[in-house]
Amino acid sequence: MTVTNSPSAMGGGGSPEVRFMFPTGVANSFVSATGTNGFVGTPDALGVNFSGGNINSTGSTTPKTATLNIVVQPLGAGT
């Protein structure tokens, strides 16, 4: 998953909280969650919350991003 902060005339930063919901339809097991730019993944029974990161586009003409990685393992065959 990628979180983007697109630059504007004034520039600036963003510190969003991002929520990833686990897939439904087949049971799964949480394996790991990592993030760049300071984002930390905290899992719960339904998904992962990412917080603590910052994406700053001040002085830039291109969007700045943070990459959020979530690994889940299916525990059975899907339908």
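Helices (H or I, at least four residues) and strands (E, at least two) are DSSP runs, numbered from the N terminus. The model is predicted, so local features need pLDDT of at least 70 and side-chain atom pairs count only at pLDDT 80 or more, whereas totals for chains, interfaces and linings use all residues. Residues are numbered from 1 along each chain as its sequence is written, and side-chain values use heavy atoms, with hydrogens and water left out.

**View 1. The protein chain as a whole.** The protein chain contains eight strands and zero helices, giving the pattern β-β-β-β-β-β-β-β along the sequence. Of its 79 residues, 22% count as buried; buried means under 20% relative accessible area, exposed over 50%, and partly exposed in between (1.4 Å probe, protein chains only). The chain exposes about 4,900 Å², of which carbon and sulfur atoms supply 55%; these areas come from the Shrake-Rupley method with a 1.4 Å probe, and for residues only the protein chains shown count as cover. Among contacts with a separation of 6 or more, 69% are between residues 24 or more positions apart, a contact being heavy atoms within 4.5 Å.

**View 2. The loop at glycine 52.** Glycine 52 lies in the loop between E6 and strand E7 (55-56). With a relative accessible area of 68%, glycine 52 is exposed.

**View 3. The open sheet of three strands.** The order of this open sheet is E3-E6-E5, with antiparallel pairing; two strands pair if DSSP finds at least two bridges between them. Strand E3 (18-21) and E5 are the edge strands, each pairing on one side only. On average, neighbouring strands of the sheet are turned by 20° against each other, direction ignored. The axes are lines fitted to C-alpha atoms, for helices over the stretch in contact, and angles run from 0 to 180 degrees between N-to-C directions. Four bridges connect E3 with E6, and four bridges also join strand E5 (residues 40-43) to E6. E5 and E6 form a hairpin with three residues between them, in which valine 40 has serine 51 of E6 as its bridge partner.

**View 4. The largest nonpolar core.** This core has 10 residues, among them Val18, Phe22, Val48 and Leu68. A nonpolar core is a set of buried Ala, Val, Leu, Ile, Met, Phe, Trp, Tyr and Cys residues joined through side-chain atoms within 4.5 Å. Strand E6 (47-51) and strand E8 (64-74) are the elements that give two or more residues to it. In soluble globular proteins, nonpolar side chains tend to be buried together. Leaving aside neighbours within four places in sequence, valine 48 is in contact with residues including Val18, Phe22, Ala33 and Ile70.

**View 5. The aromatic cluster.** Ring pairs link Phe20, Phe22 and Phe30 into a cluster, and the whole structure holds two aromatic pairs. Phenylalanine 20 and phenylalanine 22 form an edge-to-face pair, 6.3 Å centre to centre with 75° between the planes. Phenylalanine 22 and phenylalanine 30 form a tilted pair, 6.2 Å centre to centre with 45° between the planes. Rings of Phe, Tyr and Trp (its six-membered ring) pair if their centres lie within 6.5 Å; planes under 30 degrees apart count as stacked, over 60 as edge-to-face and the rest as tilted. Phenylalanine 22 is buried at 13% relative accessible area, whereas phenylalanine 20 is partly exposed at 23% and phenylalanine 30 is partly exposed at 30%. Phenylalanine 20 also stands opposite valine 48 in E6.
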